[in-house]
Amino acid sequence: MKRAKVQIYAAFAVALLVLVLPVLGQRHPRELSSPPPLSFKMPKPVMFTLGNGIRVAYLQDTELPLVWVLGYFRGGSLYEPTAKAGLAQLTATVLRTGGTKTRPGDRINEELEFIAATVEAMGGSEFMTTIGSALKKDFAKLMEVYADLVMNPAFPQDKLELARNQSLEGMRRRWDQPFQVSNMLFQERLYGADSPYGRRAKPATLQAIGREDLAAFHKRFFSPTNLMLGVAGDVPVDEVKAVLNRVFKGWAKSKVDLPEPAPLTERADGTIYYAYKDTPQANMYLGHLGVRRNGPDQYKLDVLNNIFGSGGFTARLMKELRSNRGLTYGVYGGINAGRDRGAFMVGSQLKAAQFTEALGLIKGIIQDLQTNLVTDEEIETAKNSIINSFVFNFEQKNQIMAQVMTLKLQGFADNYFDTYIDNIRRVTKQDVLEAAKKYMDPAKMIVTVVGDEKKFDKPLSSLGKVKEIDLKALIEAERGPQK
Amino acid sequence: MTISKRMKQSCLLLAVAFAFGPALLPAQSLEEKVTAHTLKNGLTVLFAERHGAPVFSTLYGFKVGSVDEYPGVTGTAHLFEHMAFKGTPKIGTKDYEKEKVLMDKIAQVGREWSVELAKGDRGDQEKIARLRDELTKLEQEQKAFVVKDEIDLVYSNAGGTGLNAGTGTDQTMYIISLPANQFELFCLMESERIRNTVLREFYIERSVIQEERKQTTDAVPTRLLNEMFMGAAFIAHPYNHPVVGWASDINSVTLEEAQAFKQKYYTPNNCVLAIVGDIYPEKAIPLVEKYFGEIPRGEDPPLFRTVEPKQLGERRVRFEFDAEPQLQMGFHKPTFPSREDAAASVLAYILTTGRTSRIYKDLIQDKQLAVSVFAGSSPGVRYPNLFTFNAVPRYPHTLEEVEKAILDHVEKVKAEPVSERELQKVKNNIDASYIRSMSSNFGIASTLVRYQLLFGNWKLFLKYRDLINSVTAADIMDFAKTTLTQENRTVAYLVKKAKAS
């Protein structure tokens, strides 16, 4: 049945094809002369400091009757004890849901949701991030709730249990998706399971956390001098200043100690880690440690990454693995910068029957970048793409504010944006080659792959040293005895 | 709504922009910002001016999606969407004359190969391997003439961002954002793509989509559950098959079938284009006329006939997978613009959106039976659809417990009117969400295109606001009583495989 249908339909389609090709009036973009240059000045946030030491970035945006708030406190999972991993995120969640000494969390939910306002808190690795948004008429109300939450959280036991139970269920389910599993295994082996950068919250570490831990974590980092606050929207600066001075009144300064975590050392040694899961693809990450952010070669790396694996379809990884070979739906790669080292990594979900072939192609691309100069066309495209799309960093005012705040907190120079384009322009093919040699080492790369080796084109042992990870045992050990 | 995209990384906010309707103030101000222009060939172009950063976003859609497919060629709308990035006889090639000779051979060998593959186990394996080798050889030869992904290359050099496309049940959308000085480039590139697409490297891309299906469905519990659920909820209507297509169809669809599909649906009279950002319509319209005006008008798309028959009793699906349990449940209902659809939108919000919603407070916060419950309309809007719930239980609570607890809330809605404060909260939030969607060029473009393309008039976004604002407690009760019934219900369970890693 099916075969007949396919054939008849195909014959009909051929007839159509003949009728419609070739088409006249075809054009190529090279016919166009180059467009006039863009002139654009990035709107810059106004920076000021409140009496109690809060640094504020403000950018007016009168287009819509809205206002956005963004607050970064230094502090995060880098500073939690390994035995209590997950503390930063639990603190953030319960800070919001638990409410304050005078405003119970459930009442805050009612008040904010009725006026379509939001306040949320997230625990990152080195920042506790707080965000808020409201209609402009509700700015004062929004800030009253926001300030009360960051200054006086109550951390009630019932909301701690709720947040913990939710996280525990998330942990049960984090093994369901093979690419996510591969990523967890990769991060842990790249940075080390006990490292502040690589450790993972587990059921046992969540169970070890009590209300007093949340309160102590909050006390340690939620200080006015440790907060950078951004406000963007349709509220005039005088009103912003007046409201902020009022809502944060009486918030005492305290000294925040942010010890540098122990430096990372390279652990990658070329091992292939394999975990069996009955799933159709080979879910792979590979790499080794990356670079410290804001380093001397950052612009060279931006160009190299664009050519290697972050530039979408013009990048070599995507071009070769997807577009030329059809081995994957997507592949990303890059030498990423981090607070300490970041990661040089490639991630992809690959056709299982050609997995080792794909791995060979990736290694070949890396080795070629370390051996030969990239082409003129490649470096031109990479630089043009970065330079000409730069304006999209400033499409929305709240986005500009967030970018400026992030750069300041991460120690970038004040003129980083002003000089960025010129710095990219200066990068040469030789620079790209040198960066590839300096920051990529295929012999060291570890590989994590989650899938079914029986479906692969060659046994993994033909590629090098393989260590098998028993996922089932790992999950059982993590969960402990079940009811 | 289910969407399959060309690239995973990019964000596509179509569904969000649509789900949250309009608000009084910005809706009116948006109306003033829009200039509509219809070309002689039927292409509708909508401009909205926003002179902030010197950039613009464009989005255009064809009214064709997986709902227009039938058994054997499921996934073709999405497959063609991928092919629309492969170039034209001028773009993407070094020598089209020579390349064409190879492409004709590829088409022929690929067709024979696909026909053999479609036989499944009864196919001649030796012939399949031989044709596969032959095809690979031809594809290698073709590479000498291909300018790899030149559409991406051209836009990257011009500073374009977010080049992508998405296929849904109802429509196929193409997006790109560019610096404001590249408007003519946009007109040239996109008019060429619409008119002159060449299905270059077709069989390699088919292989990419096989991997896309595995990555985005076969390995993803929620998506697999959705597929099982829709297959049971619709027995006749083509909302019953996945946007990405069934694996067997993706594995054997031919270049000619994709081309024929394009021919039927990719016409200017079946297309709406929105351009939003730092653009002046009076300067832009002549360029749009020059480039897009050349595309010949096409036939009207084929008549759509199938109507889902009335459901005569509850349907239940249960399947095993190597993942923790979850459920999806749905009830057939009318689509936009109807009072029932508006009541459904408000009810979904009252039940599951936000920490003050009924089901969140009861099931997630107090009883802690579940970690998430989400209600909404699915899978499309062109035809009558479903009021759905997706729920994730919390161990050791069961799917049965969660299902019952959700249904208890449904019964409560039938028995007691919702409060005025709940109604007002929802209206306030839907208004605010709409204002927020107006803060990006892309958000505005997607709202304009969806209403114009799917309902024939972009101004219907105002109708959405009117409908939402007119919903009463009695409407919601009526909707629940007539629609949220046992005989109109389909329930699908994903349960954990007994022996699994």
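A residue is called buried here if 20 or more other C-beta atoms lie within 10 Å of its own. The legends below describe a predicted model.

**View 1. Overall build of chain A.** In this predicted model, chain A has 483 residues, and 46% of them are buried. Its secondary structure consists of 17 helices and 14 strands. Along the principal axes, the C-alpha atoms of chain A fill a box of roughly 75 × 65 × 55 Å. Of the contacts in chain A between residues at least 6 apart in sequence, 83% join residues at least 24 apart.

View 2. Five bridges link strand S8 (residues 281–289) of chain A to strand S13 (residues 446–451) of chain A in the antiparallel sense. Within this pair, Tyr285(A) has Thr448(A) in S13(A) as its bridge partner.

**View 3. The contact between chain B and chain A.** Chain B gives 82 residues to this contact and chain A gives 77 residues. On the chain B side, the elements that each supply at least two residues include helix H2 (24–33), helix H4 (96–117), strand S6 (172–179) and helix H16 (420–437). H8(B) provides the largest share of that side, with nine residues. By class, the residues of chain B that touch chain A are 31 nonpolar, 27 polar and 24 charged.

**View 4. Crossing of helices H3 and H11 in chain B.** Helix H3 (residues 76–83) and helix H11 (residues 255–265) of chain B pack at an angle of about 90°, and their axes are 9 Å apart. H3(B) and H11(B) are therefore roughly perpendicular to each other. From H3(B), the residues in this contact are Thr76(B), Ala77(B), Leu79(B), Phe80(B) and Met83(B); they meet Glu257(B), Ala258(B), Phe261(B) and Lys262(B) in H11(B). Six nonpolar, one polar and two charged residues make up the contact of H3(B) with H11(B).

**View 5. Strand S12 of chain B and its partners.** Six of the eight residues of strand S12 (residues 489–496) of chain B are buried. Strand S8 (residues 315–321) of chain B pairs with S12(B) in the parallel sense through seven bridges. Strand S9 (residues 326–333) of chain B runs antiparallel to S12(B), and six bridges join them. Here Gln326(B) has Leu494(B) in S12(B) as its bridge partner.

**View 6. Nonpolar cores.** The largest nonpolar core has 212 residues, and Ala274(B), Val346(B) and Leu347(B) have the most contacts inside it. Helix H13 (residues 339–352) of chain B gives the most to this core, nine residues. Leaving aside neighbours within four places in sequence, Ala274(B) is in contact with Leu46(B), Thr58(B), Leu59(B), Ala445(B), Leu448(B) and Val449(B). Another core lies apart from it and has 64 residues, including Leu350(A), Val374(A), Ile386(A) and Val447(A).

View 7. Most residues other than glycine have a negative phi, and most peptide bonds are trans. Ser378(B) and Pro379(B) are joined by a cis peptide bond with omega of about -5°; Pro379(B) is in the loop between strand S10 (370–378) and strand S11 (385–393) of chain B. A cis peptide bond with omega of about 5° also joins Tyr395(B) and Pro396(B), and Pro396(B) lies in the loop between S11 and helix H15 (399–415) of chain B. Asp149(B) is not a glycine but has a positive phi of about 40°; its place is in the loop between helix H5 (125–143) and H6 of chain B. Asp149(B) counts as buried because it has 25 C-beta neighbours inside 10 Å. Glu201(B), also not a glycine, has a positive phi of about 55° and sits in the loop between H7 and H8 of chain B. Glu201(B) counts as buried because it has 26 C-beta neighbours inside 10 Å.

Notes:
Residues are numbered from 1 along each chain as its sequence is written. Chains are lettered from A and ligands numbered from 1 in the order in which they are written. This is a predicted model: local features need pLDDT of at least 70, side-chain atom pairs count only at pLDDT 80 or more; totals for chains, interfaces and linings use all residues. Axes are lines fitted to C-alpha atoms, for helices over the stretch in contact, and angles run from 0 to 180 degrees between N-to-C directions. Helices (H or I, at least four residues) and strands (E, at least two) are DSSP runs, numbered from the N terminus. Angles under 35 degrees count as roughly parallel, over 145 as roughly antiparallel, 65 to 115 as roughly perpendicular and the rest as oblique. Two residues are in contact if their C-beta atoms, placed from the backbone, lie within 7 Å. Ala, Val, Leu, Ile, Met, Phe, Trp, Tyr, Cys and Pro count as nonpolar, Asp, Glu, Lys and Arg as charged, and the others, Gly among them, as polar. A residue is buried if 20 or more other C-beta atoms lie within 10 Å of its own, exposed if 12 or fewer, and partly exposed in between; C-beta atoms are placed from the backbone. Two strands pair if DSSP finds at least two bridges between them. A nonpolar core is a set of buried Ala, Val, Leu, Ile, Met, Phe, Trp, Tyr and Cys residues joined through C-beta atoms within 7 Å.
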